[in-house]
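Visitor: I'm new to this one. Can you walk me through it?
Guide: Gladly. Let's bring it up.

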Amino acid sequence: MNSQALFLLLLLTCASLCQAQGSFGNCCLGYISRMKKNVRRNIESVKMQEIDENCNIRAVIFTMKQRRADVKPRELCANPDSDWVQSLMDTVAARMQGRN
C-alpha cells in the first residue's frame, strides 16, 4: 500500500512539473537587442504580448516570413519600450496597410 501511494505521489508531482514547464510555451522570456536590416525586411506580422498569468513580460513579437512549409515561422521578441522597436512596428504597420 505504501509503494502505491508513493508511486501516485510521484506521478502527480511529475504531471504538475510538466504542466508548469508548458505554461511558457507561447510566451517571450527575453528580448533581442537589435535586428539586422535584411532580417527586418522578412517580418510578416507583429503582435503584442501582455503580462498575464502565463507570460511575465510585455513584448513585441515579430513573426518572420515562412521559408518552408514544414517549418513553423520564426518569432523574435523585442522590448516594446525600445525606440527602434517602436519605429519598426510603425514601418511594418505601414507596409501592411500598403498591401490592403
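**Starting with helix 3**

Guide: Helix 3 covers residues 83-99. At 1.5 Å a residue, its 17 residues should span 24 Å, and its end C-alpha atoms are 25 Å apart, which agrees. Keep in mind that this is a predicted model.

Visitor: Which residues of helix 3 are buried?

Guide: They are V85, L88 and V92. Seen down the helix axis, these buried residues fall within an arc of 65°, so they line one face of helix 3.

Visitor: Why would residues apart in sequence point the same way?

Guide: An α-helix has 3.6 residues a turn, so residues three or four places apart point the same way.

Visitor: And what is exposed on the other side of helix 3?
Guide: D83, D90, Q97 and G98 are exposed there.

Visitor: What covers the buried residues of helix 3?
Guide: The cover includes helix 2, strand 1, strand 2 and strand 3.

Visitor: Let's switch to strand 2. How many of its residues are buried?
Guide: 6 of the 6 are buried, so strand 2 is largely enclosed by the rest of the structure.

Visitor: Which way do they point?
Guide: A59, I61 and T63 point one way from strand 2. V60, F62 and M64 point the other way. In a regular strand the side chains alternate between the two faces of the sheet.

Visitor: In what sense does strand 2 pair with strand 1, parallel or antiparallel?
Guide: Antiparallel, over 6 bridges. For instance, V46 has F62 of strand 2 as its bridge partner.

Visitor: And how many bridges join strand 2 and strand 3?
Guide: There are 4, again in the antiparallel sense. Here V60 has A78 of strand 3 as its bridge partner.

Visitor: New topic. How many disulfides does the structure hold?
Guide: It holds 2 disulfides. One joins C27 to C55, with the sulfurs 1.8 Å apart. C27 sits in the loop between helix 1 and helix 2, while C55 sits in the loop between strand 1 and strand 2. That pair links distant parts of the chain, 28 residues apart. Both C27 and C55 are buried.

Visitor: What does C28 join to?
Guide: C28 joins to C77, S to S 2.0 Å. C28 is in the loop between helix 1 and helix 2 and C77 is in strand 3, so the pair ties together parts 49 residues apart in sequence.

Visitor: Is the C28 and C77 link left-handed or right-handed?
Guide: Its torsion about the S-S bond is about -75°, so the disulfide is left-handed. The link of C27 and C55 is left-handed too, with -65° about the S-S bond.

Visitor: What's the pairing in sequence order?
Guide: Number the bonded cysteines along the protein and the pairing is 1-3, 2-4.

Visitor: What about salt bridges? How many are there?
Guide: The count comes to 4 salt bridges. One of them is between the side chains of K47 and E75, at 3.6 Å, N to O. K47 lies in strand 1 and E75 in strand 3, so the pair ties together parts 28 residues apart in sequence.

Visitor: Which residues are linked in a network?
Guide: E50, R58 and D81 are linked in a network of salt bridges. The closest N and O atoms of E50 and R58 are 3.2 Å apart. For D81 and R58 they are 3.8 Å apart.

Visitor: Is D81 buried or exposed?
Guide: D81 counts as exposed, at 61% relative accessibility. R58 counts as partly exposed, at 32%. E50 is partly exposed as well, with a relative accessible area of 42%.

Key:
Residues are numbered from 1 along each chain as its sequence is written. This is a predicted model: local features need pLDDT of at least 70, side-chain atom pairs count only at pLDDT 80 or more; totals for chains, interfaces and linings use all residues. Side-chain values use heavy atoms; hydrogens and water are left out. A disulfide is a pair of cysteine sulfur atoms within 2.5 Å. Helices (H or I, at least four residues) and strands (E, at least two) are DSSP runs, numbered from the N terminus. Buried means under 20% relative accessible area, exposed over 50%, partly exposed in between (1.4 Å probe, protein chains only). The expected span of a helix is 1.5 Å times one less than its number of residues. The arc is that of the directions from the helix axis to the C-beta atoms. Contact means heavy atoms within 4.5 Å. Two strands pair if DSSP finds at least two bridges between them.
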